Amino acid sequence: REGVLTVNPVARVRKPKPPRKKIDPFTPAELAAIISAVTGTGRILALLAATGMRVGEAIALDCGDYDAATGTLSITKTYHDKHGTGPPKSHNSVRTIRVPAQGRPAVAAAIGKRKVGVLFVAPKSGGRFKHSAVYMVFQRLQTRLGITPTRSLHQLRHSFISHAIGAGVPIADAARYAGDSVGMIVARYLHPSGSDAS
């Protein structure tokens, strides 16, 4: 105001970043329990726990994206509640993955005898799930299974990737399966598994 400064020094200061939320990965036994316990509208959770897919990728799946003969899924799009179905997060996200054997029954049951249409059908709308609806089903399932503390949906992805690499899957292969870069996998998705490193 006095004309001493010609620029606002505050404009050059970066806002502090909030601390990252603590990640508490599911154990392999908890993931197995989630996969085996789901029925009906919860079948999407079995796929998320078995593959570590992003929630939006799973919601965006159509029946034609699954090849029952090979057990593979083609992931080419994602779903956002506000914008609907659109292109995936990045070029790494477009991929074909093999669904582990324990996750295939849920996918097959969700499709039934249909050839076209949404793979995981929301019971009320008959269309795609909203993220919030999947989250609510997941919270109820964790409570029913006695999993405490309850965790977010995205921690299924964290858990799957950490356990895959802990089991000996090369990081580059885990990154390709998860649809992410190696750098992102290392920076964001690797967490201690609780095993003794000595």
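This is a predicted model: local features need pLDDT of at least 70, side-chain atom pairs count only at pLDDT 80 or more; totals for chains, interfaces and linings use all residues.
Local features were taken at pLDDT of at least 70 and side-chain atom pairs at pLDDT 80 or more, while totals for chains, interfaces and linings use all residues. Residues are numbered from 1 along each chain as its sequence is written, and side-chain values use heavy atoms, without hydrogens and water.

Helix H2 (residues 43-51) packs against helix H5 (residues 131-145) at an angle of about 80°, and their axes lie 10 Å apart. H2 is therefore roughly perpendicular to H5 (a term for angles of 65 to 115 degrees). Helices are DSSP runs of H or I with at least four residues, and strands are E runs of at least two, numbered from the N terminus. From H2, Ile44, Leu45 and Leu48 meet Val134, Val137, Phe138 and Leu141 of H5. The residues of this contact (heavy atoms within 4.5 Å) comprise 7 nonpolar, no polar and no charged; nonpolar denotes Ala, Val, Leu, Ile, Met, Phe, Trp, Tyr, Cys and Pro, charged denotes Asp, Glu, Lys and Arg, and polar denotes the others, Gly among them.

In helix H7 (residues 171-178), the buried residues are Ala174, Ala175, Tyr177 and Ala178. They lie on the same side of H7, because they cover an arc of only 165° around the axis. The elements that cover them include H2, strand S5 (95-98), helix H6 (154-166) and helix H8 (182-189). Just after H7, Gly179 has a positive phi of about 75°.

Ala109 belongs to helix H4 (residues 104-111). Its relative accessibility is 38%, so Ala109 counts as partly exposed (buried is under 20% relative accessible area, exposed over 50% and partly exposed in between, with a 1.4 Å probe and protein chains only). Ala109 and Ala46 are separated by 63 residues in sequence and by 11 Å in space, C-alpha to C-alpha.

How values were computed: Axes are lines fitted to C-alpha atoms, for helices over the stretch in contact, and angles run from 0 to 180 degrees between N-to-C directions. Angles under 35 degrees count as roughly parallel, over 145 as roughly antiparallel, 65 to 115 as roughly perpendicular and the rest as oblique. The arc is that of the directions from the helix axis to the C-beta atoms.
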